[in-house]
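Subject: Structure for you to look at

Hello,

I am passing on the structure we spoke about. Please open it alongside this note; what I found in it is set out below.

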Amino acid sequence: MGSERRYRSSDYCWFAFYFSLLLCFGNNALAELRYSMPEEMKEGTVVGNVAKDLGLDKTSLIERRFRVVSGSKDAFFEVNQEDGILYVNRKFDREEVCDRSKVCLIDLKAVLENPLEVHYVAVEILDVNDHAPIFPEKEKTLEISESALPGARFQLQAARDADSGSFSVQQYKLSLNEHFRLEVKDRGEDRKTPILILQKSLDRESAKTHKLLLTTTDGGKPPLSGSVTLIVDVADVNDNPPVFTQDSYTVQLKENSPLGTTVIQVNATDLDESANGEVVYSFGNDVDAQARVRFELNSLTGIITVAGAIDFEACGRYEIDIQASDKGVATLSTDKSVIIHIVDVNDNAPEIEVTSFSRELPEDSKPGTTVALISVRDSDSGLNGKVMCYVSQDNPFMLIPSLQNNMYSLVTKTILNREKQPQYSVTIVGKDAGEPPLSSEKTINIVVSDVNDNSPVFSQTPYTFYITENNNPGASILSVRARDEDEGSNALMSYTILRSRGIEHSFITSLNVNSENGDILALKSFDFETLKTFQFQVVATDSGTPSLSSNVTVNVFILDQNDNAPVILYPVSSNGSAEGVEEIPRNVNAGHLVTKVRAYDADIGYNGWLLFSLQEVTDHSLFGLDRYTGQIRTLRSFTETDEAQHKLVILVKDNGNVSLSATATVIVKVVEPKEAFAASDVKSATMDEEDNNVTFYLMITLGSVSTLFLISIIVLIAMQCSKSTDYTSKYLQEPNYDGTLCHSIQYRSGEKRYMLVGPRMSVGSTIVPGSHANTLMLPDRRTMTAEVRHIETSNFLTIDLSEKL
């Protein structure tokens, strides 16, 4: 109503304004139009052509600023200035604008300027059945006493419909039932009130609740409806006494039942509700004092519990009267007897006692060794006091009954092993023959003491180590480790080196072992050129009584280092210096062999691989040096202008990481052919004799070294094949480009692989006594198959056994 008053007050203001304009302009405000349209129309819906209906010139609408003015702040309509059509500017609901008014009008003013012209336009909003009737609540609860008489009336809340007229609430309808009917009171102005009338008496015990559905419909086509659920709760009247659920109550109770044990629960129901149906329990007046002391009754739940000691020998049967009463104003009650039979039970468990016990048992104890003496007793009699004992777990112990009743011996049944299980937890179970049987347990912890029955075990068998020569004296070169599964002093080990009686090997005497941790120390440096491999044994002994020991073989391979410089064999002067004089005829051709520088290196592999180079020469065009063989040859023929004497300085160096070298000087004298021929005869005789001697000794040395080397390899292979470690050897012979043979040996120890290789050699390379079968002059072919590389922690060793003088 407040919004309607504001609307009309605003309308009066506009009316006064336009009335004053009408007085000023006379006939400029004359016309009035009226349109009608349904509510809820979409935006843009055409209401009517105002310009056409008013007879206005459409071409002047824009110029005269044609518009419509609403009396409210909400502009529901708007006019098109181009064609004068009035259309819906915003969707609206009739019930929001005009509430429940029968006629809903929206007044508009069509205004034109220059000259001013005002026209009234009224738009009637027609109602649409767009609202269904609704109740204030979806569910309504009523409480009616079961003592209410037929004809009692109960007014209900009416439904409301936002629509008006025929679209408002028209009728009510109640779901079918035998206890209620519906009456509708018409109050006018679309107001109808439903009334619920009781037509049959209610019985709460038969039906505690009645559920009704009240439906209302409006007058639309099709009609819209709404509903509310009516829940009728029937209020109780105390008209029913409590009734026990059983005709009789009989129960058995074991003696010695603990306090609080539930004996039985009686239960009575009352069809009434609230206080009228709330049941409480109590002992009857005839229950004796002895039963009241031993039993307790919960007044709310009807549970009878044990309140005192129950002894079958004192009383074997109890009969107790129980009374159930409601809490109504006029109390109703019912009595019932409960009979309790006391049952005699096996109420004493066996008692186990350990009379004698050895807590520590040596692991070498023989089967049948007594560990403990067990006694058992049971306070019950008959079968309830007859006890049987046994060991519950599967362990190396068992019980043996003695001649005396209820006495047992706990003995071992197998040999013990402390290393597998150092301790046992033995559970002894005593069980009587009662029904049900009772049992007890006794746990004994038995510790198995150690006996020195395990020898030390090395982590590897055998050990293989690779060490480089020139090691620091006194430093640890390798380490062995052993473990003992025993404990204490039985596992405390010491290490010693096994030294053969009557035979003292120099390499063994130079070794020492740390007796506590097994570290092997070398008291002197090893020289690969003197000793390449050796073997010894280490003994590990525990501290038990008696002590146990084990030994392991240790194989040691010495790896070469570049610690020997090349030695010049030829030329060598009478005073021992590396210097010689060669005479050649002047008429020799290019490629003539002047001489051959010969040298050797005690090292092997790259360390003993020698290369030759000209360090100094008087004429580079005359002489050339083969870097692999050491041969000096002429590069061209001599001329008359060439000097008669030439000095050549040759540098010989090995291929070690840090190269070692030596130099030789050759004086070449150029003589006339006749002089050279005479000198060559004398020199040939001398050289033949020297060469024969050198060749003889070299062959002896070469054969001895080769034989010793092959014997060492065969012994090594046989020794490794007899062990579990995988040792393999392979001999290869490969012809070089100059006809010499290359001897090589491959062997593998565990995950490490080692190779003894002789590189390709050129004609003219020399082996001399004392070379230890090492390579002398070697071609520089590091990219070929003779390449020796340092892989992981191992070194490749190269040995060449063939070369002709």
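A nonpolar core, as the term is used here, is a set of buried Ala, Val, Leu, Ile, Met, Phe, Trp, Tyr and Cys residues joined through side-chain atoms within 4.5 Å. Please keep in mind that this is a predicted model.

The core

The largest nonpolar core has 28 residues. Those with the most contacts inside it are F458, Y495, L511, F526, F536, V538 and V554. Several elements each supply at least two residues of this core, among them the strands β33 (463-468), β36 (493-498), β39 (533-542) and β40 (549-559), together with α5 (506-509). In soluble globular proteins, nonpolar side chains tend to be buried together.

F526 is worth a look on its own. Setting aside residues up to four places away in sequence, F526 touches I467, E469, N470, N471, I477, F507, S510, L511, L531, F534 and I558.

The strands around β5

Strand β5 covers residues 85-88.

β5 pairs with strand β2 (residues 46-49) in the antiparallel sense, over three bridges. In this pairing G48 stands opposite L86. Strand β4 (residues 77-79) also pairs with β5 in the antiparallel sense over three bridges, and here E78 stands opposite Y87. β4 and β5 form a hairpin with five residues between them. In the turn, G84 has a positive phi of about 75°.

T412

T412 lies in strand β29, which runs over residues 407-412. T412 counts as buried because its relative accessibility is 1%, and the cut-off for buried is under 20%. A polar atom of the T412 side chain lies 3.0 Å from the backbone oxygen of K366. Leaving aside neighbours within four places in sequence, T412 is in contact with L361, K366, P367, G368, T369, V371, P396 and F397.

Cysteines

How many disulfides does a search of the whole structure find? The search finds zero. Two cysteines to look at are C315 and C389: C315 counts as buried at 16% relative accessibility, and C389 is buried with a relative accessible area of 10%.

Regards

Technical notes
Residues numbered from 1 in each chain as written. Predicted model: local features only at pLDDT ≥ 70, side-chain atom pairs only at ≥ 80, totals over all residues. Heavy atoms only, no water. Buried < 20%, exposed > 50% of the residue type's maximum accessible area, 1.4 Å probe, protein only. Helix = DSSP H or I, 4+ residues; strand = E, 2+ residues; numbered from the N terminus. Contact = heavy atoms within 4.5 Å. Polar contact = N/O pair within 3.5 Å; in protein donor to acceptor, adjacent residues only side chain to side chain. Pairing = 2+ DSSP bridges. Disulfide = S-S within 2.5 Å.
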